[in-house]
Amino acid sequence: MSTLKDELKDQTDHATGSAAITVESHSTKSDGMIDFYSGWFCPYVQRTWITLEIKKLSYHYVEINPYNKDPEFLAINPRGLVPAIQHDGVNLYESLILMEFLDEAFEGSCKIYNKDPLKRAQERLAIDQINKKLVPSIYAFLMAQDQKDIEDNKKKFEDELKAAFDIFEKNNADGFLYSKDADQSDHLTAVDISLIPFAHRIHVILSHYKNYQVPSHFKRYHAWLKKVLHHPAVVATISDEKEYIPIYKRYATGTAQSGVAQAIKNKKA
């Protein structure tokens, strides 16, 4: 019986491609910097990483292997999960909480949440839809094994993708999911950032393991994806596509033991 260590032996332990360049540029620690504890391959990490990049904040990148529960890291996040940050002696974690904190605590080069309370609440509702409905449907589709389960979960995923973009469209203009002030029209919003890492994995992982492409009639999704994947803050956080493949093998074979995988399995039980 293989161990998790055996299964991960072919997985690179560091970022590659554009992400490696970004890591190198944030490898030196200085006083007052945000310590960013990351796992280059994690979509939840990428949410925080894009936020740091788009706001052009000063941070120190620290690569963590969340599969090895190092006591020093557990002191920062008792859950042993990335992302996490340390700033002014305070430890914080959970991707959506970190996104909000970074936007509220630091002006940076832009704001990712709308300043208007009503619009900000709409953004949070959209993010809730992504987190609780769309993301689980992606993992369920990836983890499905028999043909009926695969077809059922593919339909569920496409239904959730359509539902998400129907919600987005009610508050959207051309371009990114949520329009901002005219002078910020080219900035990603928190809604974009919440979805981008998982959309990237749909593109890479579902294509590889399920031979799947989002149908062409999802025109708004494809237009959005093409635009956001070329955004500099996104490009800066993406490793070589081939490096993501072995990481998701455990999900594709139904053997993953992560919290996300267990939640999907428990829901099916």
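**Salt bridges**

A: The model is predicted. A search of the whole structure finds 12 salt bridges.

Start with helix H7, which spans residues 147-169. Lys154 pairs with Glu151 in a salt bridge, and their closest N and O atoms are 3.5 Å apart. The two residues are 3 apart in helix H7, so about one helical turn separates them. Lys154 is partly exposed, at 25% relative accessible area. Glu151 is also partly exposed, at 35%.

Helix H7 also holds Asp159 and Lys155. These two form a salt bridge, with 2.9 Å between the closest N and O atoms. Their spacing is 4 residues, about one turn of the helix. Asp159 has a relative accessible area of 40%, which makes this residue partly exposed.

Now the pair Lys111 and Glu107. Their salt bridge has its closest N and O atoms 3.8 Å apart. That falls within the 4 Å cut-off for a salt bridge. The partners sit in contrasting surroundings. Lys111 has a relative accessible area of 12% and is therefore buried, the limit being under 20%. Glu107 reaches 51% and therefore counts as exposed, the limit being over 50%.

Key. Residues numbered from 1 in each chain as written. Predicted model: local features only at pLDDT ≥ 70, side-chain atom pairs only at ≥ 80, totals over all residues. Heavy atoms only, no water. Salt bridge = Lys/Arg side-chain N within 4 Å of Asp/Glu carboxyl O. Buried < 20%, exposed > 50% of the residue type's maximum accessible area, 1.4 Å probe, protein only.
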